[in-house]
Amino acid sequence: MEASPWSSVNSGIVLSLLAVLWTVVWNNLQSLQLHHLLGRHLARHARHLAAIVDPYLTVTVAEHDGGRMKRSDAYREVQAYLHRATCDASAGVRHLKAEPAKSPDAFLLSMGDNEEVADVFRGEVKVWWLAYSTPPREDAGGGGYYWGGRAARADRRFYRLSFLERDRDVVLGEYLPHVRREGRAVMVKNRQRKLFTNLSGDNWDDDGRWCDSVWSHVVFEHPKTFETLAMDPAKKKEIVDDLDAFRNGKEYYARVGKAWKRGYLLHGPPGTGKSTMIAAMANYLDYDIYDIELTSVRTNTDLRKLFIETTSKSIIVIEDIDCSLDLTGKRKNKKKDATAADGADGDKKGSPSNEEEEKEKGSKVTLSGVLNFIDGLWSACGGERIIVFTTNHVKKLDPALIRRGRMDKHIEMSYCCFEAFKFLAKVYLGVDAHHLFDAVQALLREVDMTPADVAENLTPKAAGDNADTCLAELVKELEKAKAEKAQAKAEGKGKAAAAAEEEVDGDDDDDEDEE
Ligand SMILES: Nc1ncnc2c1ncn2[C@@H]1O[C@H](COP(=O)(O)OP(=O)(O)OP(=O)(O)O)[C@@H](O)[C@H]1O
Ligand SMILES: [Mg+2]
C-alpha cells in the first residue's frame, strides 16, 4: 500500500514542531535556572536529550587508568581543581567527601558520587563535571590491576566532563591543560608531608578507602630542621647547598642524561643525628619520607614494587642498612654457588645447606636487588628522589653498594665537637658564651660524647635548672666519661699485659712439651 503524501508531510511537521518545542523548553530551563529546582538528575537527562539537537561530547577521567598501579595524577588534579567550585554554595553540591588538608583543622572537600558542578572557561565556554563510580570489575577477585587486588575490588571512580561540540578545540586544547595546572597548584598548597612505611601492607588510601597499597602512612610532623641540627657549620652548609643543587637540578640531570635522584650515605655512631638529619632534609626540601624496613620485604620484586609506588619529591630511607640484611654475604654466596654449579662434578657443593635454606624462608632480597633498586632501570621512574642509607658500621658494607654514583655523598655524623656543642647550648639554653665553655671544649677534645648525650645534659630537668646548672651537669658527665675512659684504658693495658704474660708462659709450656 502506498503511503499517503500527507503522512510524510505530517510527520515532518510534527518532528519540526517537537524540535522547536524542545529548544524553547531547554532555553527556558536554562534561563529560569529550573535545573536547580528540578534537581541535578533531571538536568542531566535534559542535557542528554538536548544533545539530539546540540550534541555534547564527554571526556572521562578514571581514578585508575587501565593497568596502572598508582592512582592517576589526572584524577587527583581534577579533584583538586574542582575543590573551589565544589565548596561554592551556588554550585549546589549536596554530598561532599572530606580528606585531611595541610592545616590540622582543614579539610580538602570534593564531590560525592553523582554530584555535578558547572564551570565556565574564559567567560564563554560552559562545561559540566560529574563524579560517579561503578561497581568493581567482575574479574577483580585476585591480583587485579592493583597489587593485592583489594583496591580492584573497590568501586571504580570517575569524573566525566561534558561540553558542547562547538567548544571541542578550546576544551581539549586549552581547558583541560588549564585544569591540570590549576589542580596541581591546589595540591601543592594543600600538600601534607607524609611518612610512609612498608611495615603494614594494608591501609586507608587518601580517599578514606581501604586498599592494598604496599605503603601505609602517617602525617610527617618532625620538628627538626637544619636550624636546630648541631654540626660543624661548614659541613652543614655544604649539605644544604648540595640539597639546593639537587632540587634545582632538573635541567642539569636531563642534560647529562642521569636520572633525577641522589644517594646519601649517613654513617656514624648511634646518637650522632643520622635520623635527625633525614628529618631536617625532608623539612628543608618539603619532601615525603618513605622509610623501608628491608627485613619485611620478601623478594627483589617486592622491593621494586615499593619503589614504583613512591612518588616524586620524596626521600627513600633504609636505616641501618648493615643490619637489615646480609647483603655482603648474599653476593659472595651467589658467586660461590654459581662457581660450584658451573663445576664439572656439579654435586653437593652447589646445593645450599640447611642453614641457608632456613635463611631463604625469610627475606630473599639480595644485594643485586638493592643495587637495582638504587640505580636499575626502574629507579629512573618518576624522578626527584633522594635515597638515604644510614649505618653505624660503614666498613661492613659492600663497596658496590656505596660507591659514588649510587651513594653520591657520604656524610660522616661524628661525636659532638665544640662547634656543635656551642650550637646546642644556644638552642637549648639560649647562651652564646659561659665561663664553663672552656672546660667543655677541653673535655670534648678528650672524650667522645654524642650530640644526643650532650643535648640530654643540656635539657633543664627541674624547675630551678638554668644554663649554670645544665652546663655544670654536662661538665660533670664529661669528667665522668673521661675517668671511665682512663680506667678502661688502664684495665685494657692490664689485660693485654696479662695476656702477653700468659702467652709467654704458654710458650714455655709448649717448649717443655716439645722437649
Ligand atoms: N646533631 C644533632 N643535633 C641536634 N640534636 C641531635 C643531634 N644528634 C642527635 N641529636 C638528638 O639525639 C637524639 C638521637 O639522635 P638520632 O636518632 O638522630 O641518632 P642516630 O644517629 O640516628 O642514632 P642511631 O644510629 O642509633 O639510629 C635525637 O632526639 C636528636 O634530637
Ligand atoms: Mg637513627
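How many other C-beta atoms lie within 10 Å of Lys-313? There are 19, and that makes Lys-313 partly exposed. The cut-offs here are simple: a residue is buried if 20 or more other C-beta atoms lie within 10 Å of its own, exposed if 12 or fewer, and partly exposed in between, with C-beta atoms placed from the backbone.

## Ground rules and overview

This is a predicted model, where local features need pLDDT of at least 70 and side-chain atom pairs count only at pLDDT 80 or more, while totals for chains, interfaces and linings use all residues. Residues are numbered from 1 along each chain as its sequence is written, and chains are lettered from A and ligands numbered from 1 in the order in which they are written.

The protein has 20 helices and 15 strands; these are DSSP runs (helices H or I, at least four residues; strands E, at least two), numbered from the N terminus. Of its 515 residues, 25% are buried. Take the contacts between residues at least 6 apart in sequence, and 73% of them join residues at least 24 apart. A contact means that the C-beta atoms of two residues, placed from the backbone, lie within 7 Å.

## The seven-stranded sheet

One open sheet has seven strands in the order β10-β7-β12-β13-β14-β11-β15, with mixed pairing. Two strands count as paired if DSSP finds at least two bridges between them. β10 (216–219) and β15 (409–412) are the edge strands with a single partner each, so one side of each has no neighbour in the sheet. From one strand to the next, the twist averages 20°. (Axes are lines fitted to C-alpha atoms, for helices over the stretch in contact, and angles run from 0 to 180 degrees between N-to-C directions.)

Now for who pairs with whom. β7 (residues 194–197) meets β10 in the antiparallel sense over four bridges, and Lys-194 has Val-219 as its bridge partner in β10.

With 17 C-beta neighbours inside 10 Å, Asp-320 is partly exposed.

Ser-379 lies in the loop between α15 (367–375) and β14. Its 21 C-beta neighbours inside 10 Å make Ser-379 buried. Beyond its neighbours within four places in sequence, Ser-379 contacts Ala-259, Lys-261, Phe-307, Phe-373 and Ile-374. Ser-379 and Ala-259 are 120 residues apart in sequence, yet 7.7 Å apart from C-alpha to C-alpha.

## The four-stranded sheet

The other sheet to look at is open too, with four strands in the order β1-β6-β5-β4 and antiparallel pairing. β1 (56–62) and β4 (116–121) stand at its edges with one partner strand each, so each has a side without a neighbour in the sheet. The twist averages 25° from one strand to the next.

Six bridges link β4 with β5 (residues 125–134), an antiparallel pair, and Val-120 is bridged to Lys-126 in β5. Helix α7 (residues 168–190) packs on the sheet, touching β1, β4, β5 and β6, and its direction makes about 65° with that of β5. Helix α4 (residues 73–81) lies across β1 and β6 (156–164), at about 110° to β1.

## Around ligand 1

There are 15 residues around ligand 1, of which Pro-270, Gly-273, Ser-275, Thr-276 and Ala-452 come nearest. A residue is near a molecule or strand if its C-beta atom, placed from the backbone, lies within 6 Å of it. The shell has eight nonpolar residues, six polar and one charged, where Ala, Val, Leu, Ile, Met, Phe, Trp, Tyr, Cys and Pro count as nonpolar, Asp, Glu, Lys and Arg as charged, and the others, Gly among them, as polar.

Helices α10 and α19 (451–458) each supply at least two residues of the shell. Why does ligand 1 lie between domain 2 and domain 3? Because domain 2 (203–341 + 361–412) and domain 3 (431–499) both give residues to its shell. The domain bounds come from an automatic or database domain assignment.
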